[in-house]
Amino acid sequence: MCHVIVTCRSMLWTLLSIVVAFAELIAFMSADWLIGKAKPVSTDDMDNRTGGPQEPYRPTLGIYGRCTRISHMQLSRRDTLCGPYAENFNEIASGFWQATAIFLAVGILILCAVAFVSVFTMCVQSIMKKSIFNVCGLLQGIAGLFLILGLILYPAGWGCQKAISYCGHYASAYKLGDCSLGWAFYTAIGGTILTFICAVFSAQAEIATSSDKVQEEIEEGKNLICLL
């Protein structure tokens, strides 16, 4: 018989697991890893809202995508265009970024699988006599290691020609040049830290769902068990 067990710690772990997976996925897909040097603005480029000259635009560059501003000469306006610069894996700008993409993709795939499984932990608490929380916690720890490897290798690709075109000739491995780090990089770091927190917290979720109070309510014949 399926017993639905809901505790504060198990629900918090489930929510954190889902948040971490989405945060890492969004960061990976974003083009806002590097913010390039400001592009000069022509005096003919006017802001339609204020009537003054437009602010200098800073293009952004991701692992496989980019955002840049294109001009419409006939319409006298500029639009921001975002999309992948690499049509396939081999066209990613740097070998280090290719390795980063692999490590991050593996880590995110594991996190998404754990997030999916975590939804069912209210009803299923063990797999082959092993705690599902402990198994998921172990997988989250492994995913965190993959994410760390990807984030360590990413700055090594700042010396590639693509990065130099955005960040200037002073850019090199682990040196930003004229660029700055975008929100996607910080989100990936924050998500990695939160991944290890989830891995540790999974043990607390296991303790909460196997406590004496839970066992007592199961023995009383309750199918829905909610504990603070």
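**Cysteines, disulfides and a helix pair**

Cys-8 is partly exposed, at 44% relative accessibility (buried means under 20% relative accessible area, exposed over 50%, partly exposed in between, with a 1.4 Å probe and protein chains only). The model is predicted, so local features need pLDDT of at least 70 and side-chain atom pairs count only at pLDDT 80 or more, while totals for chains, interfaces and linings use all residues. Residues are numbered from 1 along each chain as its sequence is written, and side-chain values use heavy atoms, with hydrogens and water left out.

Cys-112 is also partly exposed, with a relative accessible area of 31%. Two disulfides are found in the whole structure, a disulfide being a pair of cysteine sulfur atoms within 2.5 Å. In one, Cys-67 is joined to Cys-82, with an S to S distance of 1.8 Å. This link is right-handed, with 120° about the S-S bond. Cys-67 is buried, at 10%, whereas Cys-82 is partly exposed, at 47%.

The sulfur atoms of Cys-167 and Cys-179 are 1.8 Å apart and form a disulfide. The torsion about its S-S bond is about -90°, so this disulfide is left-handed. Cys-167 is buried at 2% relative accessibility, and Cys-179 is buried at 8%.

Helix α3 (residues 132-153) packs against helix α5 (residues 183-209) at an angle of about 165°, with the axes 8 Å apart. Helices are DSSP runs of H or I with at least four residues, numbered from the N terminus. Axes are lines fitted to C-alpha atoms over the stretch in contact, and angles run from 0 to 180 degrees between N-to-C directions. α3 and α5 are therefore roughly antiparallel (over 145 degrees).

Methods:
Helices (H or I, at least four residues) and strands (E, at least two) are DSSP runs, numbered from the N terminus. Angles under 35 degrees count as roughly parallel, over 145 as roughly antiparallel, 65 to 115 as roughly perpendicular and the rest as oblique.
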